[in-house]
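Okay, everyone, let me put today's model up on the screen.

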Amino acid sequence: MVYVFLAEGFEIVEAMAPIDMLTRAKLNVTTVGVNSKVVKSSCGVPVTCDITSNEFEFNDVDAIILPGGMPGTINLEKSDFVQAVINEAYENSVLICAICAAPSILGHRGLLEGKNAIAYPGFEDALEGAIISDKYVVKDGDFITARGAGVAVDFGLEIVKELLGEEAAESVKSAIQYK
């Protein structure tokens, strides 16, 4: 199961594009509303989540996704629940995926130390100890990081590739006419 954590003010494309790529690849995806079932995106679009943080249990977790956006990233980072999930994922070598400003959450915790990583331009200093990549989407160990909304499809495809292999990612690319 892949869990996508949505906090008030998340970037809608950074959440929905990866969800779309993952579901096209037949992966099970669950959205988790941090603090409520309906969460508003940074552009004001309300999204009804599958479950809330109170209903989440850490079992059968293949990956977690942290979309960026403001103030979504700040709200994710200040959530004790999200911090606990990141701890559990890190300790169990679960794939941790973050896009836009959200990699800063991992950087502030020192989890990207010595790892190749990227974030939205201007957030590189928050990736404490990381080797800043010039790529738009970066996989290193149990981490996938990406720059922002413009590469949200690529981010989702990289997650598909990591969980199901290159063939599955190529199949999704073909199905959506991705060049």
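So, H1 crosses H5 in the right-handed sense, meaning that the near helix is turned clockwise from the far one by less than a right angle. On H1 the contact uses Val13, Glu14, Ala17, Pro18, Met21 and Leu22, and on H5 it uses Ala152, Val153, Phe155, Gly156, Leu157, Ile159 and Val160; contact here means heavy atoms within 4.5 Å. Sorted by class, that's eleven nonpolar residues, one polar and one charged. For the classes, Ala, Val, Leu, Ile, Met, Phe, Trp, Tyr, Cys and Pro are nonpolar, Asp, Glu, Lys and Arg are charged, and the others, Gly among them, are polar.

H1 covers residues 12–24 and H5 covers 152–164; they pack at about 40°, axes 8 Å apart. Axes are lines fitted to C-alpha atoms, for helices over the stretch in contact, and angles run from 0 to 180 degrees between N-to-C directions. That makes the pair oblique: under 35 degrees would be roughly parallel, over 145 roughly antiparallel, 65 to 115 roughly perpendicular, and the rest is oblique.

Before I go on, this is a predicted model, so local features need pLDDT of at least 70 and side-chain atom pairs need 80 or more, while totals for chains, interfaces and linings use all residues. Numbering starts from 1 along each chain as its sequence is written, and side-chain values use heavy atoms, without hydrogens or water.

Now the sheet. It's open, with seven strands ordered S5-S2-S1-S6-S7-S11-S10 and mixed pairing. Helices (H or I, at least four residues) and strands (E, at least two) are DSSP runs, numbered from the N terminus, and two strands pair if DSSP finds at least two bridges between them. S5 and S10 are the edges, each pairing on one side only.

What sense does the pairing of S10 and S11 take? Antiparallel, over four bridges, with Asp140 opposite Phe143. Their hairpin has two residues between the strands, and Gly141 there takes a positive phi near 60°. On S7, by contrast, S11 pairs in the parallel sense, again over four bridges, and Ile99 has Ala146 as its bridge partner.

The Met70 to Pro71 peptide bond is cis, omega near 10°, and Pro71 sits in the loop between S6 and H2. Lys26 isn't a glycine, yet its phi is positive, about 70°. Lys26 lies in the loop between H1 and S2, and is exposed at 71% relative accessible area (exposed is over 50%, buried under 20%, partly exposed in between, with a 1.4 Å probe and protein chains only).
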